[in-house]
Amino acid sequence: MIRFRRRQRLAIATLYGLAAAVLWYLTVPAAFGAAVPDAVPAGMDETEYDRLRRPAAWSSLPEFISPEVLAGLSADVRAALQRDYAERGRIQVQSDRYLDYDEERNIIYSNARTRIRFDRYLLEADRVLVQVPLQEIQAEGNVILTAWQDVDLQYKSSEIHAKSMIFNYKYFQGIANEVRGQHDVVYFKCATPKSGLPPLEMVGRDELVLRDAQFTTDDFPDPQYSVQTPDAVLIVGERIFMRNAVLRVRKIPVFFLPVYTKSLREKFPWRVTFGAGSRLGPYVRVQYNFWHYQYEPSFENPDRLETRSEGHATAKLDLFGSRGVGMGLDYRYSFDFEKHEGETSLYFMPFDNYRRTTEDGGTNSRWQLFARHRSDLRDDLKLHLNADLMSDPEFYWDLIDPFEQEERGRLPERRARAALTHWKDDYVARILFDVKQRISRDRITNTAEPLDDDADYDISPNERISRRASRRDGLPSSRYGLASLRLPQLTVATNHLRLSTESPLFYALDINFFNNLDKGLNFRSTRDDSFVLGLDIYQQISYLFKFSERYTLLAQVGAGLGILNRWDDSYHWRPQDFLRQTGTTDGNLMFGDLNDFMRRDIVYVDDNTFRIAGSDREVSLSDVSPAYFYADAQLRFQGRFTDSLTGNLNYIIREGTKNSLAEFYESIGNRTARDDLYNYRVRKHWITGDLTYRLAYPDILVRALAGRNLQSKSDIFSGEQIHYAGIVSSYRNQPRTFRLSGAIMYEQRQMRDPGDPFEYQRDSLITRLSAAYAPIGRRWWIEGDLLLLEPLTSDPAGDSVESLSSRRLNRDLFYFFSENESERILDVWVGRKISEKWTAELGTEYNSRYGGLRDVRLLLTRDLHNALAQFQIRYRRTPYKEVPTQLQFNFSLTFKLPGPVDTVKAPRARVLMNEQRLIELAEDPLFVTERESRPQPTARPVSAL
């Protein structure tokens, strides 16, 4: 046993006493100093809470708690402490030398550098006098008042420098002389007013009054620009109000406003873009942004405000030298705590001086409407509204694309939808109204013929044109034809419901009632239109068997019944509807005959019957039955072989009656009927599988996938996919400076009707490669995308089909599209920081369809400290013979302050010609990775309902 002497015991006791005092000073004041709310804060004992509420506990506390101790408290206690300091006016006074205290008058003096802390403020001065009864500070000599945004005293919101200041720290009122400072991103300076009033006056926590003030967002000692005003009111964190404001650039007055206000929370509202182009001529775009917010106290914590409503509106005014005037308005909004939110984009050009597409040679107004809205009418009831409409297919490519970050190009479709959805845990019910229009021609399209099928989406399909119209105007709005109309479609679908508590079986039900339009085979004409009233009921039983934690087997069996009625059982066809209507170079309209184009046209038999071109097979609407039955079975095996390797194997077979309307359209090669009319469950027999290897470190993804159509050849029609196989992969290094992703995919598709003597299975190889590198520091960067579409099988009809179609149709095309031609697209962007202020980017696009370089852009960006200036020169080739190339100049000025800077990134050129072909190739999971999506339609995708 260790024994200590008396002196040793005394020293040890003294050491323990000092340790206890230090511990009490660091911990007990922090706990006692916290003013507590009425309710016990989370994590605090009730006994301790009651003890802290006793008034006697406050008498022995220091006047300030350090930020370190403050950061260790809980959020509730910390907030209560801040309220207590605000109510009691508690401060901490600390001097570099010493403090004099006059006990009789209760006044504190200091003639050295002194720091006074209170609430979220810190006041520093060379000399101070604190009158404790009045809770007032008088400071002189290099006075600095600093305010923090957060309770942790880490992020400064404002700083005021003055020669002298009088400040009441209880009511947060005071005056200051010879003032300069900063609040958020705004710098200000006040001269001495001739009226004798103080230059700066603090009125409460949230308001400052400034006289003879100068404001700027330029942090240079000698600002490049400023706004001067004799009187200003600054609402802390919100807005500045000025009277008789004068804008000065390089101290030269350039503009005067009797009243001016500026937000401290929003970006600079103005943006200017001007330039010149071969088609647009000289142009100027002026944009003005407006933000609005509405706040309410939080229900849980009244001291915290929540955003009830907010919105962002952008008004646009465009002046085109060769076009006219255009006006636009974009608005994004959220109301009633995000119960109602959406976005709207409107644009209107009263008339276009350049675009003359009417029969009488007049000018057409051009417009655009994009809207997306969601409303939560109740917790289980939602309303969706979508619209993507424009006056003509060339609207974006012709007018808007030069201004946008993402080009949309030619839009073959326009659409509007409305849906009301009732959502529960076990089921969902929806009523949908939908209208869709698509570019089309006034004739019967042979969907089994590749050349004829793609003509509607070609870069310059043959259309009815007048003598006064120029083909360089693009496609007129009259080319839009009604493709889909749902009035309405009602869907009720259940979740997978367990049949009983212990049962391994799950049941699902899908009911669809629809009254949709059947457009027949001529989208432009309404002669063959008719509504289809139908009911489709599908039931499914599922069984999930787990072999282990890593391997599962899902078995599903389902059956369905469909009943539909086409109100008009005839298409009312005429022989001339099957003939090619060809616009000639002189504007006249000529017709072919039934033997033209190597009998590529559909052959007319009677009102309901026709013969598919090139074959002896006849198809008749009279053979369609109003009722159809189907049944399917599916097996899906999922395995996680290792932590990095997973796999799926899926087998599905569906059989049913062959005389349904769905089978009718599938047999003639119409691949849009399932999207336009109704998504029928048609016969299919597929086996698919994939293996995915994924590592987090390094970031590698490799996926192999394949699929095989097991249907017999007699059941495979034109346009159907036969099989596919491919590999997709991606890699990103750990510092995130390099990424590489790619895919190679092989597919085989049936082309033309199986009874056609020129039928064949087209083999295609699709290759995609994307890479980007930017070293740390981003002094330079490079990014490239490569897409190769390579047909491996030639058309048995040979070049005669293409040459004959080109000669007979007398196509006035600069570039001729063919389904059998390969396509190579290379898009490369290279950028470099030339200096600290200059950045250059060069982008090029090579497209084999255009015979070489299709698009070249050079972008120069200059950092003007308070704004970004961007100059762009662009060269691009067009599909029009009259205007084979375009040259465009563009200059934009974007102000950076206040608020974050918008990323300056040049819009990527979009492939316009073969979007429809890419869509068809992407119907099955081809080259899809987790970082790259499938090719999307040229039309802007409307948000999923």
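I looked up E663 to begin with, and at 5% relative accessibility it counts as buried (under 20% relative accessible area; exposed is over 50%, partly exposed in between, with a 1.4 Å probe and protein chains only). This is a predicted model, where local features need pLDDT of at least 70, side-chain atom pairs count only at pLDDT 80 or more, and totals for chains, interfaces and linings use all residues. Residues are numbered from 1 along each chain as its sequence is written, and side-chain values use heavy atoms, without hydrogens or water.

I placed E663 in helix α7, residues 661-667 (helices are DSSP runs of H or I, at least four residues, and strands are runs of E, at least two, numbered from the N terminus). What does E663 touch, leaving out residues up to four places away in sequence? I found T657, K658, V682, R683 and F717 (contact is heavy atoms within 4.5 Å).

Next I searched the whole structure for aromatic pairs and got 29. I picked F188 and F215: ring centres 6.4 Å apart, planes at 50°, so the pair is tilted (Phe, Tyr or six-membered Trp rings with centres within 6.5 Å pair; planes under 30 degrees apart are stacked, over 60 edge-to-face, the rest tilted). F188 is in strand β11 (186-190) and F215 in strand β13 (207-216), so the pair ties together parts 27 residues apart in sequence. F188 is buried at 4% relative accessible area, and F215 is buried at 4%.

I also noted one aromatic cluster, made of F514, Y538, Y628, Y630, Y678 and Y680.
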